[in-house]
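Trainee: I would like to learn how to read a model of this kind. Please take the whole chain before single residues.

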Amino acid sequence: MSVENHALCFVNGMHLYAGAEVWMLEAATNLRDRGRTVHFVAPPGSPLLERARAAGFHVAGIDIRFDASPFTLARLWTEFRHTRPAAVVCNRLKDLKAAGVAGALAGVPIRLYSRESDFPLRSTRPYYRWYLNKVATGLLVNSDATRRTTLASAPWLDLARVHTLLKGVDLLTFQPTPRNAGIPTVGFAGQLSERKGLTTLMKAWETLRTRNDALPAARLLIAGQGELREELCRWRDGLSAPAEVELLGQVDAMPAFYASLDVLALPSRYEGYGLTAAEALACGRPVVACDTSSMPELVSDGSSGRLVPIDRPDLVADALHAYLVDPDLAAVHGAAGRAAMVAGHDREQTLDQLDALTTPKGSS
């Protein structure tokens, strides 16, 4: 099968719109601006599919739910034979099991599996080796932490086939803005799930607001969707000042969201890259996070934010409090965060790497 204009196809079977989906659509938009043809395969009606369609991309609505489903494999094979991509990038192992196999049968030369979280592979299952060594032509990992965890759980992987691809930040879109001059504000952005440390954040907020000090008013803005939304609603309604906490749902205008904050809280139990932390730092906002996964790669403790141990809401509260009562400290640490993102997390460099990894060798 001859490939069409070195086309790239992102395959994502998720029904949500979170960090990986945001990155895929933004990367696709930027690669298209560079002249690449980009397609999407995603579930019918999923946020990613609808947003990609609205942005003018070719999309195929295909559910990827059951391993080795002949119907799914046939639909994917037909799609790839029709669009002739040079590469497919699969979001989940389940996506690789379907789109990777169909891509190999259809003659797609590059089939990449993107590891989005710092979580071990279940390498005790023998078929993993076949999918990752034979079906996939390479693995993308989004941080040094994800790379270490992946290789530790799968020592049989060929190191040369594992590529660290940071998500990076669009430094033109995410730029520093003047500090919020209103009520001191903490923000959280991400999937509303337990792994994001929302229980820790809730306890930290309660601790912060019961302190007897010079912080008479404060706000907590929570952006995102997920399974903990109802629990968050119940928690907020039980607070002595529930109006201080706003559940914003899905937020598309993220630069404006960061501009409304004094500090971002991201007390995740584990992360892959930590896109919202990188974006907040690029906007000149300090970040309070847990000392785990990729967070030390983004946040320099005591310089661009604070890193605290997992499950220590008291320390999260202390760190947030320090920024809310000291705007000068927040400004200094925010400036350091911006400088770090400029130095090592420019999305243009990431796109150069992704472009190269998804272009067949010897192609112009």
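Trainee: What radius of gyration would a compact globule with 364 residues have, and what does the protein chain have?

Mentor: The radius of gyration is taken over C-alpha atoms, and the globule rule is 2.2 Å times the number of residues to the power 0.38. For 364 residues the rule gives a value near 21 Å; the protein chain has 21 Å, so the two agree. Along the principal axes, the C-alpha atoms fill a box of roughly 70 × 40 × 40 Å.

Trainee: What should I know about the model before going on?

Mentor: This is a predicted model, in which local features need pLDDT of at least 70 and side-chain atom pairs count only at pLDDT 80 or more, while totals for chains, interfaces and linings use all residues. Residues are numbered from 1 along each chain as its sequence is written, and side-chain values use heavy atoms, with hydrogens and water left out.

Trainee: How many helices and strands does the protein chain have?

Mentor: Helices (H or I, at least four residues) and strands (E, at least two) are DSSP runs, numbered from the N terminus. The protein chain has 14 helices and 13 strands.

Trainee: What percentage of the residues in the protein chain is buried?

Mentor: Buried means under 20% relative accessible area, exposed over 50%, and partly exposed in between (1.4 Å probe, protein chains only). Of the 364 residues in the protein chain, 54% are buried.

Trainee: Is K196 buried or exposed?

Mentor: K196 counts as buried because its relative accessibility is 7%. This lysine is in the loop between β8 (185-189) and α7 (198-209).

Trainee: Which side chain does K196 join in a polar contact?

Mentor: A polar contact is a pair of N or O atoms within 3.5 Å; within protein, one must be able to donate a hydrogen and the other to accept it, and residues adjacent in sequence count only if both atoms are side-chain atoms. The side chains of K196 and E271 form such a contact at 2.7 Å. Contact in general means heavy atoms within 4.5 Å. Leaving out residues up to four places away in sequence, K196 touches F188, Q191, L266, P267, S268 and E271.

Trainee: Where is S46?

Mentor: S46 is in the loop between β2 (38-42) and α2 (47-54). Its relative accessible area is 1%, so S46 is buried. The S46 side chain reaches the backbone oxygen of P43 at 2.8 Å.
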